[in-house]
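Biologist: Could you take a close look at the metal site for me, and at the parts of the chain around it? I would enjoy one connected walk through it, with the cut-offs spelled out.

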Amino acid sequence: MQEIMREFRCLRCGHEWKVPFGGGRQIACPKCGKDKIERTNRGIGGPHRGRGKGFRGGRND
Ligand SMILES: [Zn+2]
């Protein structure tokens with residue numbers, strides 16, 4: 001089974017860390033404790049999924 005990790009970065013101190021998917025929603029920086037964070041995922045669960053054509057579709061009969 002593949003474990004999906006989410007990457008975050010603190011906008012306050014710049015600390016970066018990962019948390020396993022499915023954890024608590026309230027995430028704060030483990031370093032400074034602030035919740036001013038942003039996600040820095042690299043391609044995992046991004047807005048652009050499935051590149052290329054012919055991915056689920058093209059029903060030409
Ligand atoms: Zn921080």
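Modeller: Happy to. This is a predicted model, in which local features need pLDDT of at least 70 and side-chain atom pairs count only at pLDDT 80 or more, while totals for chains, interfaces and linings use all residues. Residues are numbered from 1 along each chain as its sequence is written, and side-chain values use heavy atoms, with hydrogens and water left out.

Let us start at the metal. The zinc ion is coordinated by the SG atoms of Cys10, Cys13, Cys29 and Cys32, at 2.3 to 2.4 Å. Donors here are N, O and S atoms within 2.8 Å of the metal (3.2 Å for Na, K and Ca); water is not among the atoms, so sites may look incomplete. The angles among the four donor atoms run from 103 to 122°, and the site is tetrahedral. That label applies to four donors if all angles lie between 85 and 135 degrees; four count as square planar and six as octahedral if opposite donors are over 155 degrees apart and all others between 65 and 115, and anything else is irregular. For reference, the ideal angle for four tetrahedral donors is 109.5 degrees.

Along the chain, the donors of the zinc ion follow the spacing C-x2-C-x15-C-x2-C. Cysteine 10 lies in strand 1 (residues 5-10), whereas cysteine 32 sits in the loop between strand 2 (16-20) and strand 3 (37-39), so this pair ties together parts that are 22 residues apart in sequence. Strands (E, at least two residues) and helices (H or I, at least four) are DSSP runs, numbered from the N terminus.

Buried means under 20% relative accessible area, exposed over 50%, and partly exposed in between (1.4 Å probe, protein chains only).

Three strands form an open sheet in the order 2-1-3, with antiparallel pairing. Strand 2 and strand 3 are the edge strands, each pairing on one side only. Neighbouring strands are turned by 35° against each other on average, direction ignored; axes are lines fitted to C-alpha atoms, for helices over the stretch in contact, and angles run from 0 to 180 degrees between N-to-C directions. Two strands pair if DSSP finds at least two bridges between them.

Strand 1 and strand 3 pair over three bridges in the antiparallel sense. Here cysteine 10 has isoleucine 37 as its bridge partner in strand 3, and arginine 9 stands opposite glutamate 38. Strand 2 itself has a covered face, Trp17 and Val19, and an uncovered one, Glu16, Lys18 and Pro20.

Lysine 36, in the loop between strand 2 and strand 3, is exposed at 56% relative accessible area. Leaving out residues up to four places away in sequence, lysine 36 touches Arg9, Cys10, Leu11 and Arg12, with contact meaning heavy atoms within 4.5 Å. The C-alpha atoms of lysine 36 and cysteine 13 are separated by 9.4 Å, although these residues are 23 residues apart along the chain. In the segment after strand 3 comes threonine 40, which counts as buried at 18% relative accessibility. Beyond its neighbours within four places in sequence, threonine 40 is in contact with Glu7, Phe8 and Arg9.
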